[in-house]
Amino acid sequence: MPTHAQCVRSALRAVAAPVVAVLCSLPAGAPAAAAQQGIPKQLLVSLYVTDKKGVPLTDVQASELQVKENGKAQPIQTAELDTRPLAVALVLDNNSELSTSFMQSMVPAGVALIKALPPGTTIDIWTTGDRPSHVAEAVTDPAAAEAALKQVPAIGTNTLLHTIAEASKALREDDAHRTAVIIMTSGSLGNAEGYSNEQALKVTSMRPTYVGLELATGHPDSRIENELDYLAKHSGGYFERILAVTAFEKRAPSLVAIVNGVYHVAWQPGSDPRETSFEFTCSRKGAKVVAAQRLSAVW
């Protein structure tokens, strides 16, 4: 969990308002216990906006966004695209239970994703195999990341939940970077080793944006869908089940586009957020807003 000071620095990044105290983690609309009572000076949320074709938009203005608190509209004060350098953990399923065509598609998908990352991205590569394996650590050269990825063998089962938690925990924590965990996996799961769908969130306080693809084959393990869907909703990320192994390579760059489209949005609330339901909209025709279920507050 982040310290109080880390949370204060995070809030100062997003808004230029005096900070008395910051509520580090407040699930939207949940009656969570808080250090402060009443109505905060400002609420902060991460979100992204897509057009009618599902393509993330990077030119949205604060005037186009609106938040409703229990159905009552509140004006947005600031909406800033997060353009800090990116630190990403790429989690790839390399289990040996599926056919070789899976790995033959997974590696090119990873390469396509690496090539889509913005210049200067710091890349960690993790595989799930029989245990979490840190294949490449803090690589900044895309060619080096690609070379490491091409050496990944198909091995073991799929320790996905454990790997996500370890990859999340290992991501850098400095305020100069934004962070993301990008996951591509199959519908099979090995030993979960006691890791629940909240484990990755607990070790990072929902700091990264989680985006993931799952190949649904045969009888998919529901724990995978539960995990990836949970992470996506809480962090304002994305999860999709795909039906063809070739879709990994086709869809990989779109995961990067989502990470690159995240905004930090701030507004002055009109009610206690612990007793409020929130709805975020964009006035642009056909636009859809995807917001994290985690809020931060400035008191």
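Entry 1. Before anything else I wrote down the cut-off: a residue counts as buried when its relative accessible area is under 20%. The model I am reading is a predicted one.

Entry 2. I looked up Thr159. Its relative accessible area is 3%, so Thr159 is buried. I found Thr159 in the loop between helix 3 (142–149) and helix 4 (160–170). I then followed its side chain, which reaches the backbone oxygen of Thr128 at 2.5 Å.

Entry 3. His134 sits in strand 7, which covers residues 133–139.

Entry 4. What does His134 touch, leaving out residues up to four places away in sequence? I noted Asp124, Ile125 and Trp126. The side chains of His134 and Asp124 make a polar contact of 3.4 Å. A polar contact of 3.4 Å also joins the side chain of His134 to that of Trp126. I also checked Leu90, which is 44 residues from His134 in sequence, with 9.9 Å between their C-alpha atoms.

Entry 5. Last, I checked confidence. The average pLDDT of the protein is 83, and 81% of the residues score at least 70. Residues 1–25 have a pLDDT below 50, and the model gives this stretch 58 contacts beyond near neighbours in sequence. Residues 29–35 stay under 50 too, with 12 contacts beyond four places in sequence.

Notes
Residues numbered from 1 in each chain as written. Predicted model: local features only at pLDDT ≥ 70, side-chain atom pairs only at ≥ 80, totals over all residues. Heavy atoms only, no water. Helix = DSSP H or I, 4+ residues; strand = E, 2+ residues; numbered from the N terminus. Contact = heavy atoms within 4.5 Å. Polar contact = N/O pair within 3.5 Å; in protein donor to acceptor, adjacent residues only side chain to side chain. Buried < 20%, exposed > 50% of the residue type's maximum accessible area, 1.4 Å probe, protein only. pLDDT = per-residue confidence, 0-100.
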